[in-house]
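Dear colleague,

I am handing over the structure shown below.

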Amino acid sequence: MKILVTGGAGFIGSHVCDILLEQNHQITVVDNLSHGHKNLLNPAVNFIQADLLDQSKIEDTLHGHDAVIHMASFIEVGESVKKAVEFSENNIVGTVKLLEAMRKAAVKKIIFSSSACVYGRPKKLPITEEDILGEQENPYGLTKVSMEQFCILYNKLYNFDVSILRYFNPYGPNELHTPETHAIPNFIKAVLEKKSIPLYWKGNQIRDFIYIDDLAFAHTLPLSQSGLHIYNVGTQTGTEVIDVVKKIFEIVGYEVPIEDKGERKGDVPSLVASSEKIKQQFGWQAKVDLDEGLRKTIEFFKSLKS
Ligand SMILES: NC(=O)c1ccc[n+]([C@@H]2O[C@H](COP(=O)([O-])OP(=O)(O)OC[C@H]3O[C@@H](n4cnc5c(N)ncnc54)[C@H](O)[C@@H]3O)[C@@H](O)[C@H]2O)c1
């Protein structure tokens, strides 16, 4: 297939492109490089530096494609609180412009990167796709809910094929966000630099950490599907954040001090996916366990230093 990937120069997008190329798809990446890294891009992709808000350029680029994987977004939760307008414009208006460009270019299949954050504070675990969406505690989460809803609307209005993937906590090589607020890359960088690890809630929060190769592979599954579908993508295993820290210490063979940062407003105590739906429909399940995933991620961050 000929697939256009938005945000393909980012952490997750770079891995999705690699796996699509392995499967012999033809890939165009659209990324404005506001947060992406050109060097993460596989040289076999056709790279177009463009902003989603430039609707006519996106429409021109889209002609002849069969599907879109839409990953471009501003993602930093804390920043979204300070920049609600910028986040709304980039994420929500950017998505509406993309959908309009797709409609005009007659490209009617989209796979959208959503997040477990749409569930808000879950009432039960594991979370299933049928659970109601929760109240949001920051503009980022609200943009994800809105982006999902616009994709769903284009299914209803224009018969788009829409697959929404709600990621739980992805981690792995190429995670180079600035600022970085995600636990695993920050823990690994602190340990490799022999600095203290900042830890909220004494590390008692539970998260469903999914290795990037497993997550990237999940994007290839709905490409052949029509209609509207929503899937959680997680491992179905909850891990306490403190246990991630202990595992990193075990792998590197030494410890660094832990800095107790107390409580943090807006954090949800536990997030664990039910991934039964994607498993039943496609036979997908996470293959890389936390130990192997952390080892590969540590190797990546070590390689940046050498
Ligand atoms: N990383 C996570 O933990 C996580 C969890 C759940 C969902 N997601 C979603 O997955 C997607 C990818 O996340 P990521 O971690 O790879 O982020 P990332 O910041 O590494 O990648 C996003 C990419 O989008 C590009 N971009 C942003 N706005 C753009 C615009 N207007 N036009 C063109 N390009 C634009 C950026 O330059 C960047 O390369 C996002 O939609 C994010 O909301 C991520």
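Strand β1 (residues 2–6) pairs with strand β4 (residues 67–70) in the parallel sense, over 4 bridges. Within this pair, Leu4 stands opposite Val68 in β4. Two strands are said to pair if DSSP finds at least two bridges between them. Helices (H or I, at least four residues) and strands (E, at least two) are DSSP runs, numbered from the N terminus.

Please note that this is a predicted model, in which local features need pLDDT of at least 70 and side-chain atom pairs count only at pLDDT 80 or more, while totals for chains, interfaces and linings use all residues. Residues are numbered from 1 along each chain as its sequence is written.

The sheet

An open sheet is formed by 7 strands in the order β3-β2-β1-β4-β5-β6-β11, and the pairing is parallel. Because β3 (46–49) and β11 (228–233) stand at the edges with a single partner strand each, one side of each is left without a neighbour in the sheet. On average, neighbouring strands of this sheet are turned by 20 degrees against each other, direction ignored. Helix α5 (residues 139–158) packs on the sheet, where it touches β5, β6 (161–167) and β11, and its direction makes about 160 degrees with that of β5. Axes are lines fitted to C-alpha atoms, for helices over the stretch in contact, and angles run from 0 to 180 degrees between N-to-C directions. Residues are in contact if their C-beta atoms, placed from the backbone, lie within 7 Å.

The ligand

Of the 29 residues around the ligand, Gly7, Gly10, Gly36, Ser73 and Ser115 come nearest (a residue is near a molecule or strand if its C-beta atom, placed from the backbone, lies within 6 Å of it). At least two residues of this shell are supplied by each of α1 (11–22), β2 (26–31), α4 (84–105) and β5 (109–115). The largest share, 3 residues, comes from α1. By class, the shell has 13 nonpolar, 14 polar and 2 charged residues; Ala, Val, Leu, Ile, Met, Phe, Trp, Tyr, Cys and Pro count as nonpolar, Asp, Glu, Lys and Arg as charged, and the others, Gly among them, as polar.

Helices packing on α10

Helix α8 (residues 241–252) and helix α10 (residues 290–305) pack at an angle of about 60 degrees, with their axes 10 Å apart. The angle therefore makes α8 oblique to α10 (under 35 degrees counts as roughly parallel, over 145 as roughly antiparallel, 65 to 115 as roughly perpendicular and the rest as oblique). The contact is made by Lys247, Ile248, Ile251 and Val252 of α8 and by Leu290, Asp291, Leu294, Arg295 and Ile298 of α10. This contact has 6 nonpolar, no polar and 3 charged residues.

The axes of α6 (183–192) and α10 come within 10 Å and cross at roughly 50 degrees, which makes α6 oblique to α10. Ile184, Ile188, Lys189 and Leu192 of α6 meet Thr297, Ile298, Phe301, Lys302 and Lys305 of α10 in this contact.

Backbone details

A cis peptide bond joins Leu125 and Pro126, with omega about -10 degrees; Pro126 lies in the loop between β5 and α5. Another cis peptide bond joins Thr178 and Pro179, with omega about -5 degrees. The loop between β7 (169–171) and α6 holds Pro179.

With kind regards

Conventions: Two residues are in contact if their C-beta atoms, placed from the backbone, lie within 7 Å.
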